[in-house]
Amino acid sequence: MDELPIRSGDDVVRVRQQVRVVAAKSGLSLVDQTKVVTAASELARNALVHGGGGAASIEVVTSGQGRSGIRVGFTDDGPGIADLDLALTDGWSSGDGLGLGLSGARRLVDEFELTSKPGSGTSVMVVKWSR
Ligand SMILES: Nc1ncnc2c1ncn2[C@@H]1O[C@H](COP(=O)(O)OP(=O)(O)OP(=O)(O)O)[C@@H](O)[C@H]1O
Ligand SMILES: [Mg+2]
């Protein structure tokens, strides 16, 4: 398992690169590698911009059926998200973003878990399986 800090734009780039390496190692197609890298990039940027910084964990996982994949987790200790459904709505941003990061990330992966409460930070876990 790789643990990477997310405190700067350079850190977001490093997360992208490491997700690419581990996604390739876990047997994903090039298209699926790019999907999970794109999702991870949006989630890392959210942890930085909205969460005030955090960390990413990246690992290869194996399903009960013997499929391999990649799991990427993000945590931050920022303000949290009051309304998860609203945050996941296409085009909704509390700032001047496009509001497509969270909703887009969810569509690009096979499993997506968003946990957040105002005042106790945010965590997001995504999995992409090889097929
Ligand atoms: N880690 C986080 N901590 C707190 N709030 C968050 C976090 N991630 C997302 N949010 C909230 O959810 C909203 C939607 O996130 P989303 O990534 O979809 O859009 P955005 O970051 O505003 O714009 P962009 O399209 O550039 O990503 C954000 O505007 C923000 O209010
Ligand atoms: Mg975003």
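**Strands.** I began with β3 and found that it pairs with strand β5 (residues 122-129) in the antiparallel sense, over 8 bridges. I note that this is a predicted model. Looking for a residue pair across these two strands, I found V72 opposite V126 in β5.

Strand β2 (residues 54-62) and strand β3 (residues 68-76) run antiparallel and are joined by 9 bridges. Here S57 stands opposite G73 in β3. I also looked at the hairpin of β2 and β3, where 5 residues lie between the strands. In that hairpin, G66 has a positive phi near 85°.

**Ligand 1.** Next I looked up where ligand 1 is placed, and found it in the largest pocket. I listed its surroundings: 18 residues, with N46, H50, S93, S94 and G99 the closest. By class, I read the shell as 6 nonpolar, 10 polar and 2 charged residues. I asked which helices contribute, and noted that α2 (30-49) and α4 (101-108) each supply at least two residues of this shell.

**Polar contacts.** I went through the oxygen atoms of ligand 1. One lies 2.6 Å from a polar side-chain atom of S93. Last, I looked up the burial of the ligand: taken alone, ligand 1 exposes 600 Å², and the protein buries 87% of that.

Definitions and conventions
Residues numbered from 1 in each chain as written. Chains lettered and ligands numbered in written order. Predicted model: local features only at pLDDT ≥ 70, side-chain atom pairs only at ≥ 80, totals over all residues. Heavy atoms only, no water. Pairing = 2+ DSSP bridges. Helix = DSSP H or I, 4+ residues; strand = E, 2+ residues; numbered from the N terminus. Near = heavy atom within 4 Å. Polar contact = N/O pair within 3.5 Å; in protein donor to acceptor, adjacent residues only side chain to side chain. Areas by Shrake-Rupley, 256 points an atom, 1.4 Å probe, with all protein chains shown as cover. 1 Å grid on protein atoms, 1.4 Å probe; cavity = no way out; pocket = protein on both sides within 12 Å on 5 of 7 lines; lining within 4 Å. Sits in = over half its atoms within 2 Å of the grid points. Nonpolar A, V, L, I, M, F, W, Y, C, P; charged D, E, K, R; others polar.
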